[in-house]
Amino acid sequence: MKSFLDEKADQYNQISFIENDPISVPHLFLENRDREIMGFFAATLAWGQRKTIIAKCNELVHRFGSEPYRFIMEHGDEDLKGLLGFKHRTFNDIDLLYFVDFLHRHYSRHHTLEDAFLNEGVFNSIEDSLIRFEQGFFNHPATPHRTRKHVATPFRNSACKRINMFLRWMVRSDDKGVDFGIWKRVPQHALVCPIDLHVDRAARQLGLITRKQTDWKTALELTRNLSLLDPDDPVKYDFALFGLSLENYFASPPNSIR
C-alpha cells in the first residue's frame, strides 16, 4: 500500500494540480499574509464544484481590490459596502463582514495568522490548535450566531476538513510547489488529514478507516494509519486519496469536490 499511495501522491502533488484546485487562489499572491488570508477564505468556501469555488474566491479577491491584507487593515465603511451581496452557498455577506473584522483584529496584534493556532506562540497539538482557533475566532460580543457553522472544531467532534486543509496548505513543505510551507511553528508531522466525502470513500476502500461515522475521531484514525506509511508527512497522502477519487478508481462519482 505504501508504494501504491506514494506513487499516487507524487502523481497529484505537482504544479499542474494547482490550476483546478482552490489552492490556486492563495497562489495568486507572493506576500505571505495575502496567502494566509485568501487561503483561509478559499478553504472556508471549499464546498461544491471546484470551478465554482475558485470563481467565488476570485470574486472575493476582486472585492478586496486584489490586495487582501491591505484591504483587511485599511478598509473604511465604503469599502465594506463593496462586500455586500457576496454569497456562496450558506456563506453570505454577514459572515464575510465578521471574517474581515476578525482578521483586522488579529493582524492588528500579530504578524501572522499562525499565532491564532498557538498557545502564546507554542504548539501543543492540532486538536488544541483547532479548538483554540475556533474559540478565539468567536470571542467577540458581536459574533453572528449564524457564522459559527463556518469554522469547525474538534470540540463538537467535527472532522474539520476545511480547516485541516488550510493547515496543510500553510504548513506542509516539500519541493513540489503546491503547499506553501510558510508556517514553521506547527510541525508537519502533527497535521491531521482533511477528510471529505471522496477521501473518506477511498480511505475506506483501502481499509484505512474502520469507524462507521465520519467525525474528528475518524480523521485521527485515518491520520494514524497514514503515519504508519510516512510518520514525517502523513497528510501528503491527501493528494493520493483525492487523486484516486478523481480517477474514479473506486467507482465514485466523477467531477469530485473538495
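Before you start, note that the model is predicted: local features need pLDDT of at least 70, side-chain atom pairs count only at pLDDT 80 or more, and totals for chains, interfaces and linings use all residues. Residues are numbered from 1 along each chain as its sequence is written, and side-chain values use heavy atoms, with hydrogens and water left out.

**Stop 1: the largest pocket.** Select His106, His110, Asp115, Ala116 and Gly136, which are the closest to the centre of the largest pocket among its 15 lining residues. The space here is about 310 Å³. On a 1 Å grid over the protein atoms alone, a pocket is an open set of points where a 1.4 Å probe fits, with protein on both sides within 12 Å along at least five of seven lines; lining residues have an atom within 4 Å of a point. The volume is the space filled by probe spheres set on the points, which are joined across faces, edges and corners. Now colour helix H7 (126–137): H7 gives the largest share of the lining, four residues. Helices are DSSP runs (H or I, at least four residues), numbered from the N terminus.

**Stop 2: across the sequence.** Select Asp95 and Arg146, whose side chains meet in a salt bridge at 2.7 Å, N to O. A salt bridge is a side-chain nitrogen of Lys or Arg within 4 Å of a carboxyl oxygen of Asp or Glu. Asp95 lies in helix H6 and Arg146 in the loop between H7 and H8, so the pair ties together parts 51 residues apart in sequence. Is Asp95 buried or exposed? Asp95 is buried, at 0% relative accessible area, while Arg146 is partly exposed at 27%. Buried means under 20%, exposed over 50%, and partly exposed in between (1.4 Å probe, protein chains only).

Stop 3: Go to Glu114 and Arg185, a salt bridge at 3.6 Å, N to O. Glu114 sits in the loop between H6 and H7, and Arg185 in the loop between H8 and helix H9 (197–205), 71 residues apart. Glu114 is buried at 4%, whereas Arg185 is partly exposed at 35%.

**Stop 4: Ser24.** Finish in the loop between helix H1 (2–12) and H2, where Ser24 is placed. Ser24 counts as buried, with 13% relative accessibility. Its side chain reaches the backbone oxygen of Asp21 at 2.8 Å.

Methods:
Helix = DSSP H or I, 4+ residues; strand = E, 2+ residues; numbered from the N terminus. Polar contact = N/O pair within 3.5 Å; in protein donor to acceptor, adjacent residues only side chain to side chain.
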